[in-house]
Amino acid sequence: MILWNLSPEEADFQGLEKVLEAKDWKSADEKTRAIIIVLATRKNFFQRAVGRIVPESKLYNLDDLARIDCKDIRLIDSLWGEYSQGKFGWGIQQKIWQSLPKPETPYEIDALIERYREFTQQVGWRDERGHTRMIFDITAPTGHLPSQDWTAEDQNWKPLRYDYFKMRTMFNRVNQCGN
């Protein structure tokens, strides 16, 4: 996936709130993705992306994602929760995530991927056949938004494994931030 260049000033929280208030769930999802990328790349942005288009996978790594400031995580999550009446947000997603059975060993890749698949089905991101389906409406399943688009990678090698680790990193960060 190719990403346009974003500057650190483009972490547009007011814009996110505006589209959430308008119940424009698709735009809110897109703005959330852009904000996460900006926040994850803030420290290394100019080293990695100035003046050129780079693949998203090269913009940031799991350590960058884990260093997003708690106030930013809490703000994004509270905006989603407030404007969806508690139906959407990372805090809700994290509760769903934690309710799923954990692999017996932390490095059992197939079990980790299965947990991720089960999560994506429960929040309605994928159907039972694995097809992606996004619903940008309040009628979507609980935890459906924000989507996993900020984790999605166009990779030929086990993309679900990479998505799993990004999702787990974000939920660990949400937990550390007290959501």
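These notebook entries record what I looked up in a predicted model.

**Helix 2**

I began with helix 2, which covers residues 25-41 and has 17 residues. From first C-alpha to last, I noted a reach of 24 Å, close to the 24 Å expected at 1.5 Å a residue. I then checked burial: 13 of the 17 residues of helix 2 are buried, so the helix is largely enclosed by the rest of the structure.

**Packing of helix 1 on helix 2**

I described this pair by axis angle and axis distance. The axes of helix 1 (residues 13-21) and helix 2 come within 8 Å and cross at roughly 160°. As angles over 145 degrees count as roughly antiparallel, I recorded the two helices as roughly antiparallel to each other. The crossing of helix 1 past helix 2 is left-handed.

I listed the contact next. Helix 1 contributes F13, G15, L16, V19 and L20, and these meet W25, S27, A28, K31, T32, I35 and L39 of helix 2. I sorted the residues of this contact into eight nonpolar, three polar and one charged.

**Backbone exceptions**

Most residues other than glycine have a negative phi, and most peptide bonds are trans. I therefore looked up the departures from this pattern.

K23 lies in the loop between helix 1 and helix 2 and has a positive phi of about 60°.

Q85 sits in the loop between helix 6 (70-83) and helix 7 (90-99), with phi near 55°. At 62% relative accessibility, Q85 counts as exposed.

The peptide bond from L145 to P146 is cis, with omega near -5°. I located P146 in the loop between helix 8 (109-122) and helix 9 (159-176).

Methods. Residues numbered from 1 in each chain as written. Predicted model: local features only at pLDDT ≥ 70, side-chain atom pairs only at ≥ 80, totals over all residues. Heavy atoms only, no water. Helix = DSSP H or I, 4+ residues; strand = E, 2+ residues; numbered from the N terminus. Expected span 1.5 Å × (residues − 1). Buried < 20%, exposed > 50% of the residue type's maximum accessible area, 1.4 Å probe, protein only. Axes fitted to C-alpha atoms, helices over the stretch in contact; angles between N-to-C directions. Parallel < 35°, antiparallel > 145°, perpendicular 65-115°, else oblique. Left-handed = near helix turned anticlockwise from the far one by under 90°. Contact = heavy atoms within 4.5 Å. Nonpolar A, V, L, I, M, F, W, Y, C, P; charged D, E, K, R; others polar.
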